[in-house]
Amino acid sequence: MGLLNASLCCIAEESSRGSKPNVLFIAVDDLACALGCFGDVVAKTPNIDRLAATGVCFQRAYNQLPLCNPTRASVMTGLRPDQIKVYDLDRHFRDEVPNVVTLSQSFQNAGYFAARVGKIYHYNVPASIGTNGFDDPPSWNQTVNPKGRDKTDESLVFNAEPHRKISGSLSWLAADGGDEEQTDGMVATEAIKIMSERKNEPFFLGVGFFRPHTPYVAPRKYFDMYPTESLRLPYAPEDDREDIPTAAFAHNCPVPHYSLDETTLLKATQAYYACVSFIDAQVGRLLDSLDHLGLSDNTIVVFWSDHGYHLGEHNGVWQKRTLFEQGARAPLIIRSHQQKASKQPMTSTCQRVVEFVDIYPTLTDLAGIPSPSDLAGRSLRPLLENPLTTWDGFAVTQVMRPADDRLPDPVMGCSIRTDRYRYTEWGEGKHGVELYDHHTDPNEFHNLAIKPDAQVTATIKLLQPLLRSKASGKKPTAPINPDRL
């Protein structure tokens, strides 16, 4: 009778949850495409690579604005920055669209339990670790805000630029102790706990890791994986910057390499990759727990970073806030429950151009639940079913520059990425124009717009209206804090 009762119990649980798949929504802060599955030969990321091999790795996915608050608000609302009027780190999307239904709210409305552990919406890192940050309470039924020894050990962090806060400078710590003493290790632990507690009901679980955002903090063993003598700074021609508009360089990194020496820069590179491998280990714990709990075959897994990141490209660009490929492109991996359950071999790499606003409609489509009719993106389901299918996609990314000693007025930059080209305007072209041909110049070393021939002029004429249909290069009328751009 015991076995019969157990079987009846399992049948009842399955009936109560219906066929609704879970969603494990993994966000990583400031992660470039510095992953093995994205072709990085330095990164040691076996767990994320494992996820990519069983799902679809979108090699050309682009965020809408390479800054934490705007991009996260865009992903969670499924709307572009010009729709939610969020361009800085201070404005909340509900100031402009108070009744918007966020991604996790759509799942709540469909009977899901929605929880957040760590950073999904914006946080000031590291200052707000352990708090709710810049959260959106209606988005969640439960929130958990771990705080590890990286907070108590902040006094030990090395800051290569002491005149700046560790939140925005090249700063790092090879930490003592184990993974689960760090905030991100605790984030994984708490997420696993929620999965275990909620395994018999459909859940949407947002798991937000704080690294590799500065300061780069990870247990010492991860630093040991990347000896500095094995690392190199990115190559660029000596004259690379001569054809790039001033506005293209972020205001927080106007001087090449922050004027730091190569030894220091390689140590910063080591620390960044150490954090990448540390986060990879935590992702591995999540994936292993899905298997252990018997949830893998009925869970959609999404792995994404809020934007791209620079590690010295273009002779000294670091961090975010650019419209170059390294800033606009970011990791995106999606494994649907159908893919996991079918266990069929498939092409796991997709080269089609997609956008982060596509994430929202993709997840609601996969789960078979309603979503708002005014979402800016479209479902990637056809590409999940066949990554080689025809796809006429292009991506639009924008970023705001404050007025400073380089620019007399605030300037909006807008960029469109097609299969072949990247075209960028600064202030509708008044502060510079860029065109890069990725078929011949994947590192964006040669700005064709400087001396345009007839073909370049025709290409710009074709791309300009597409770009302006999705993003305005005019100065926004919404409130903006120039100190928080």
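**From a charged pair into the core**

Modeller: The side chains of Glu181 and Arg149 come together in a salt bridge, with 3.1 Å from N to O; the term means a side-chain nitrogen of Lys or Arg within 4 Å of a carboxyl oxygen of Asp or Glu. Glu181 sits in the loop between β6 (171-175) and α7, whereas Arg149 belongs to helix α6, so the pair ties together parts that are 32 residues apart in sequence. Please keep in mind that this is a predicted model, in which local features need pLDDT of at least 70 and side-chain atom pairs count only at pLDDT 80 or more, while totals for chains, interfaces and linings use all residues. Residues are numbered from 1 along each chain as its sequence is written, and side-chain values use heavy atoms, with hydrogens and water left out.

The element names follow DSSP runs numbered from the N terminus, with helices (H or I) of at least four residues and strands (E) of at least two. Glu181 is partly exposed, at a relative accessible area of 37%, and Arg149 is partly exposed as well, at 24%. Here buried means under 20% relative accessible area, exposed over 50%, and partly exposed in between, using a 1.4 Å probe and protein chains only.

Beyond the loop that holds Glu181 comes helix α7, residues 183-197, whose 15 residues reach 21 Å from first C-alpha to last, close to the 21 Å expected at 1.5 Å a residue; that expected span is 1.5 Å times one less than the number of residues. Within α7, Thr183, Asp184, Gly185, Val187, Ala188, Ala191, Ile192, Ile194 and Met195 are buried. An α-helix has 3.6 residues a turn, so residues three or four places apart point the same way. The buried residues of α7 pack against several elements, among them α6 (149-152), β1 (22-28), β7 (203-209) and α9 (262-292), where contact means heavy atoms within 4.5 Å.

Met195 of α7 leads us to the largest nonpolar core, which has 67 residues and in which Leu170, Met195, Leu205, Phe209, Leu286 and Phe303 have the most contacts. The largest share of this core, 14 residues, is supplied by α9. A second, separate core of 44 residues includes Ala114, Tyr121, Tyr360 and Trp391. Such a core is a set of buried Ala, Val, Leu, Ile, Met, Phe, Trp, Tyr and Cys residues joined through side-chain atoms within 4.5 Å. In soluble globular proteins, nonpolar side chains tend to be buried together.

Tyr360 of that second core is also one of the buried residues of α13, along with Ile359, Pro361, Thr362, Leu363, Thr364, Leu366 and Ala367. Because 8 of the 9 residues of helix α13 (residues 359-367) are buried, this helix is largely enclosed by the rest of the structure. Gly368 follows α13, and its phi is positive, near 70°.

Side chains of opposite charge can pair when their charged atoms come close. One of these joins Lys320 to Asp30, at 2.9 Å from N to O, and it links distant parts of the chain: Lys320 is in the loop between β11 (317-319) and α11 (325-328), and Asp30 is in the loop between β1 and α2, 290 residues apart. Lys320 counts as buried because its relative accessibility is 6%, and Asp30 counts as buried at 0%.

A further salt bridge forms between Arg80 and Glu355, whose closest N and O atoms are 2.8 Å apart. Arg80 lies in the loop between α3 (68-77) and α4 (81-84) and Glu355 in strand β13 (residues 349-355), so this pair ties together parts that are 275 residues apart in sequence.
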